[in-house]
2 protein chains.
Amino acid sequence: MKTATIVGAGLVGSLWAVYLSKAGYKVTMVERRPDIRKADISAGKSINLALSTRGWKALDTVGVGDEIRKIAIPMSGRLMHDLQGNLTYQPYGKEGQAIYSVSRGGVNAKMMDIAEEFGNAQINYNERCIDVNLEKGIVYTETENGERKEYQSDVVFAADGAFSAARYNAFQKLDRFQYSQNYIDDGYREILLPANADGSYRLEKNALHIWPRGQFMLIALPNEDGSFTCTLFMPMKGANSFESLKSKAAVQEFFKSTFPDFYTMMPEIADAWEDHPLSSLAIIRCYPWTHGKTALMGDAAHATVPFYGQGMNCGFEDCTVMWDLMKKHNENWDLIFEEYQQLRKPDGDGVQDLSLHNYHVMRDFVADPMFLLQKKIEAHFSEKYPDKWMPLYSQVTFSHIRYSDAWKTGQKQDAIMKKVMADFPDIEQVWNSKNVEDAILEELGVREKA
Amino acid sequence: MKTATIVGAGLVGSLWAVYLSKAGYKVTMVERRPDIRKADISAGKSINLALSTRGWKALDTVGVGDEIRKIAIPMSGRLMHDLQGNLTYQPYGKEGQAIYSVSRGGVNAKMMDIAEEFGNAQINYNERCIDVNLEKGIVYTETENGERKEYQSDVVFAADGAFSAARYNAFQKLDRFQYSQNYIDDGYREILLPANADGSYRLEKNALHIWPRGQFMLIALPNEDGSFTCTLFMPMKGANSFESLKSKAAVQEFFKSTFPDFYTMMPEIADAWEDHPLSSLAIIRCYPWTHGKTALMGDAAHATVPFYGQGMNCGFEDCTVMWDLMKKHNENWDLIFEEYQQLRKPDGDGVQDLSLHNYHVMRDFVADPMFLLQKKIEAHFSEKYPDKWMPLYSQVTFSHIRYSDAWKTGQKQDAIMKKVMADFPDIEQVWNSKNVEDAILEELGVREKA
């Protein structure tokens, strides 16, 4: 029987196990942590995620999408909260398009159930990967009691996350392995905004809430039980940083003055402050992604910062890409792995570039009237000329356009909009005029000729 | 008694042991390899190095310079070999200035002798560092037989090279540790050009020989026994790469057509081709360099490519810098480590930027008449106005100017020379004229005002 070992039973690992099981592989998974279905282990990770089109495709391809739809809450746009508590709504896409708030634990547990139910996948918990023989396809592990084990299989997948043990202990020791881990200045801390006493939501349920404040921001995503998982992103050090929020009094004062409408809903914020750890954010790039019988997938290959909500979606798309190549190359893993890494590396880089870019968009620009106007013009133009213009956010979130292509197109579009908006001093008045429309068309023509 | 552990008994580690011994520390060193004084172990590393001013200062400060002078061969300039075997000589600095060819093994062995002779340093060979408790200052090792040991001391230094075990196993696991390893496209292979039968040199002894050929180059440094250690640098893959030199016939043909004068001296090149391994070249950047009771030094902190001949010199200068801070802060290691990393990190980056820059200089420009002319004008101008202009090579090689400052000044100087040379279409004729001199002075004035 064909055999595969997967290091890491997280979101990508457990979805990929479903794919491999479906293809007839006997799948063994090794997972450092205990079974999340039996223990509450968040490991400092974000407990909420936004599923979008790429993620759904990967789920639906192996028929598990409907199971996840049962626990997903649609968010059709951003709802921005200013200092006075005024709200501005910006739809993410067209009528009917949305991203979906899901719980990491919920999705992961469902996927493990399904992987096991397929009958072939076995998950070994509390086993730490200590090394991988990449060429021979042997995974070496250590259990909690210090017992050493090894698993040899036809093919090995390391889906063990940003701090992948397989990558640290094996790939990074390869000659000429390119690698970088860059922590950004910002960190994050989660806060649970509870439901009302009657179980109802304290904020509009079907939106992603943002409190943009220039150098930092707070966001909130709905949970099924009426609560919201909120995340504060801000610099680790300096003025207005996590470093400056060391006392309960400082936390209380900060929320009162900076997020007054949030503070009104949650005056107990200072007491809840330490419920979740302060976590760091990094971009991790590496290459190659495959060697011998082993491939990196998901965060292990291309961990990114969370500002486009694409980390999980990109990892899931790795599964779709690998699956298509399995069929194309008739399960010749040498060919699959070579094409996988050559094809997919630019998109790993692309999703990272996009994520960093959207950090600035969310933090600074969504509170900028000119940015909001630009997005309104783009949406208007895109509706009239859908074949000529898809907004960047839609390319990333509601399409299967390669991340690397979306990033390139997005930069071109931004240059066009900047030019056109500068050419019309009265753009606020004429934004939906024929003249502006023609100017964009002309720039598109110029750009297409160039 | 004050205690210190040093991971790695290479060039920097063994020199630093001499410093610490002198300051009254009981020093324990752990070294992965056997005693190089008893076994011939080159570990794929370059066996020749060029000592220059920074290195000598670090040696002389603890009184070991004279011992090394006995085994050092001065090289006063570059001697370039063109395709026809014509030679062009370019002095490195002023009359009497030189860089010195030394053997890695020779210097390392001398330094180990001295470290042990001081009576306090003990070197434990064949012990691999497997982990470091950075905060408590505990080094964990494993011997060849699998025996585990640990060493706790007041302070720990990891001078275990580009692939530092202390950095991989401990520093890289710190939250927010910035890290990158970037392999360049080129690799290198060493070739030993033997002495003549009578023991005499086949090439001018007191020069560094270069065969620049655009996308690749060959260099040669003299050894004490009449031989030269030669190194071929070229791309790993593609046309004219190591990949294309797979057969003896290909090697022979390549040398015959590309380095004809070298081939005449060494027609047996194809047989000697595999005597030394093909090695990779990487720039490794990281931060922080210190944590708790542990500091990274030398290549472990800032491994660079070898094209400025500054790797060892920079590592030795780390010792000088740390030594000055030990005195300044009266051995308060918290203060020393914090200032060491803040002060020295820009210079680690600087030496890396300089090394990459000099790669292009050596490979491409030293065969370019305009580059040679530029250097001639700079030397001429610098001789007349030594307080206004020190050539970049001299700043790096013959001064103690910080690498970061040299890099900045060098870029400014290059911009000035490019402008002045473009302003005089007949520069070849008037290069040493008053007009050119005045133009440089004016640019310097402009630049100083700006």
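Which domains is chain A divided into?

**View 1. The domains of chain A.** In this predicted model, chain A is divided into domain 1, domain 2 and domain 3. Domain 1 is built from the stretches 3-74, 103-181 and 281-357. Domain 2 covers 185-279, and domain 3 covers 368-443.

View 2. If you are wondering about disulfides, the count over all chains is zero. A disulfide is a covalent bond between the sulfur atoms of two cysteines, and a pair is counted when the sulfur atoms lie within 2.5 Å. For Cys286(A), the closest cysteine sulfur belongs to Cys314(A) and is 12 Å away, so the gap is too far for a bond. Cys286(A) is also buried, with 1% relative accessibility. Have a look at Cys230(A) as well: its relative accessible area is 0%, so Cys230(A) counts as buried.

**View 3. Helices α12 and α14 of chain B.** Here helix α12 (residues 369-384) of chain B packs against helix α14 (residues 403-423) of chain B. Their axes are 11 Å apart and form an angle of about 110°, which means that α12(B) is roughly perpendicular to α14(B).

**View 4. Side by side at the α12(B) and α14(B) contact.** From α12(B) come Met370(B), Leu373(B), Gln374(B), Ile377(B) and Glu378(B). They meet Gln413(B), Asp414(B), Met417(B), Lys418(B) and Met421(B) of α14(B). The residues of this contact comprise five nonpolar, two polar and three charged.

Notes
Residues are numbered from 1 along each chain as its sequence is written. Chains are lettered from A and ligands numbered from 1 in the order in which they are written. This is a predicted model: local features need pLDDT of at least 70, side-chain atom pairs count only at pLDDT 80 or more; totals for chains, interfaces and linings use all residues. Side-chain values use heavy atoms; hydrogens and water are left out. Domain bounds come from an automatic or database domain assignment. Buried means under 20% relative accessible area, exposed over 50%, partly exposed in between (1.4 Å probe, protein chains only). Axes are lines fitted to C-alpha atoms, for helices over the stretch in contact, and angles run from 0 to 180 degrees between N-to-C directions. Helices (H or I, at least four residues) and strands (E, at least two) are DSSP runs, numbered from the N terminus. Angles under 35 degrees count as roughly parallel, over 145 as roughly antiparallel, 65 to 115 as roughly perpendicular and the rest as oblique. Contact means heavy atoms within 4.5 Å. Ala, Val, Leu, Ile, Met, Phe, Trp, Tyr, Cys and Pro count as nonpolar, Asp, Glu, Lys and Arg as charged, and the others, Gly among them, as polar.
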